[in-house]
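Subject: Handover of a structure for your study

Dear colleague,

Please find below the structure that I am handing over to you. Kindly keep it open while you read the notes that follow.

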Amino acid sequence: MLPADLVLQGGGVKGIALAGAVTRLMKRYAFRRIGGTSAGAILASLIAAGYSADEVRELMRDLPYAKVPDAGGLPIVSPTLSLVGADGLFKGDFIRDWVRDRLADKNVHTFGDLRLKRDPKADVYLSGDRAFKLVVTATDVTRGRALRLPWDYRDAFGLEPAAQPVAEAVRMSLSIPLFFRPCRLADARTNQASTIVDGGVLSNFPVEMFDRQDGQKPRWPTLGIGVIPDLPGGDGTLIPYLPTALPGPLGLLMAVAVTAVCGHDQTYLGLPRNADRVMRIDTSEAGVVSFGIGAAARDRLFANGDGTCAQFLKTWNWEGYLKRYYSDPSAPSEPSRTTIAATSLSSRRSRPTSAP
């Protein structure tokens, strides 16, 4: 088995396709670290906990998707009208408990159960609070910052990373705005509570999460799997229960909101260094919150993921990638995602990423 790191994009029900691609990748690669957002965080947590490819396939096929939207106590006459009186339509307890129970079956409860062994050859950023096999993303809308959990627990909230429950972090990552109720997390030093929502609000596909920052060549690849199509013509279901086309100023506001979710990632994912290591799966058959999806549609999504990964592996070559992007240290490099963020989205705070 070859070593690799892996980053999984968020996408709600579209995440079934992620499982199809990942289970094929697991026949060739052993993942040292795995990051994910929203649905990608669910799958990432299962893999980090030690589930095999066959077990992942069975779990994602048998997950009772129709139970994921668990009623939040408000009578839902019209989902759109119900949003006026609630932070989110659904509690999100069912999927949190499902993840918690599946992880417990592998004796994984807190991030301390997913610590990485000491690696003297690793980038200096992969140490201390960053020495964990799993990283999930979330968004702190109170402070206006992205979160990488468990990396940011201590810095942002004064909490011991190893002691934090994995399932709670995954639940934070999948708090789709308007759909699931946001989570709350208090700073242990000040007792100030933050409202936490889906990691995809600031970055749904941080494929550069594990890239080295010390100038050395990576020892193994970081691969990415995406399920959300690019704009224009991309997915119209990113904001649940709202019309996909609105007139006048409302339409412009909707376009701005969707661009805020997709545009930042789309910019840096278009760079050849990133595009060449990412596979993108056609998931147009399912919407992000199509939790009533039937068995046949699930199987098709899974098959699409498997087929996309198979095609990717036919042309993917790690040595060729290294030669293309790391052979000449004097050559000008492409701007990193951090650079793009600093120049075009200065209000979004970011921290140095870790490295293999």
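Two residues are in contact when heavy atoms of theirs lie within 4.5 Å of each other. In the protein chain, residues 24 or more positions apart account for 77% of the contacts with a separation of 6 or more. Please note that this is a predicted model.

**The chain as a whole**

The secondary structure of the protein chain consists of 12 helices and 10 strands. The chain has 356 residues, and 52% of them are buried. A residue is called buried when its relative accessible area is under 20%, and exposed when that area is over 50%.

Helix α1 is mostly covered, with 10 of its 11 residues buried. Among these buried residues are Gly-15, Ile-16, Ala-17, Leu-18 and Ala-19; Val-22, Thr-23 and Leu-25 also belong to the buried set.

Val-13 is located in the loop that connects β1 (2-8) to α1. Because its relative accessibility is 1%, Val-13 counts as buried. Which residues does Val-13 touch, leaving aside its neighbours within four places in sequence? Its contacts are Ala-286, Gly-287, Val-288, Val-289, Ser-290, Phe-291, Ile-293 and Leu-301.

The position of Gly-287 is in the loop between β10 (278-280) and α10 (295-315). Gly-287 counts as buried because its relative accessibility is 10%.

**Cavities**

The model contains 5 cavities of 30 Å³ or more. The largest cavity holds about 190 Å³ of space. Two elements, α1 (15-25) and α2 (39-49), each give two or more residues to its lining. In total, 16 residues line the largest cavity, and those nearest its centre are Gly-12, Ala-39, Ile-42, Ile-95 and Phe-291. What is the lining of the largest cavity made of, by class? It has 13 nonpolar and 3 polar residues, with no charged residues.

**The packing of α5 and α7**

Two packed helices are described by the angle between their axes and the distance between the axes. For helix α5 (residues 93-104) and helix α7 (residues 166-173), the axes come within 9 Å and cross at roughly 145°. The crossing of α5 and α7 is right-handed. On the α5 side, the residues that meet α7 are Arg-96, Val-99, Arg-100 and Leu-103. On the α7 side, the partners are Val-166, Ala-167, Glu-168, Val-170 and Arg-171. By class, the residues of this contact comprise 5 nonpolar and 4 charged, with no polar ones.

**A buried arginine**

Is Arg-277 buried or exposed? Arg-277 is buried, because its relative accessibility of 3% falls under the 20% limit. It is found in the loop between α9 (272-275) and β10. Not counting residues up to four places away in sequence, Arg-277 touches Val-207, Glu-208, Asp-211, Thr-222, Leu-223, Gly-224, Phe-312, Trp-316 and Tyr-321.

Most residues other than glycine have a negative phi, and most peptide bonds are trans.

- A cis peptide bond joins Leu-149 and Pro-150, with omega at about 15°. Pro-150 sits in the loop between β5 (145-149) and α6 (153-157).
- Ser-38, although not a glycine, has a positive phi of about 55°. Ser-38 is in the loop between β2 (29-37) and α2, and it is buried because its relative accessible area is 4%.
- Asn-191, again a residue other than glycine, has a positive phi near 65°. Asn-191 is in the loop between β7 (183-186) and β8 (193-198). In this case the residue is exposed, because its relative accessible area is 64%.

Yours sincerely,
A colleague

Note on methods. Residues are numbered from 1 along each chain as its sequence is written. This is a predicted model: local features need pLDDT of at least 70, side-chain atom pairs count only at pLDDT 80 or more; totals for chains, interfaces and linings use all residues. Side-chain values use heavy atoms; hydrogens and water are left out. On a 1 Å grid over the protein atoms alone, a cavity is a set of points where a 1.4 Å probe fits but cannot get out, and a pocket is an open set with protein on both sides within 12 Å along at least five of seven lines; lining residues have an atom within 4 Å of a point. Grid points are joined across faces, edges and corners, and a volume is the space filled by probe spheres set on the points. Helices (H or I, at least four residues) and strands (E, at least two) are DSSP runs, numbered from the N terminus. Ala, Val, Leu, Ile, Met, Phe, Trp, Tyr, Cys and Pro count as nonpolar, Asp, Glu, Lys and Arg as charged, and the others, Gly among them, as polar. Buried means under 20% relative accessible area, exposed over 50%, partly exposed in between (1.4 Å probe, protein chains only). Axes are lines fitted to C-alpha atoms, for helices over the stretch in contact, and angles run from 0 to 180 degrees between N-to-C directions. A crossing is left-handed if the near helix is turned anticlockwise from the far one by less than a right angle, and right-handed if clockwise.
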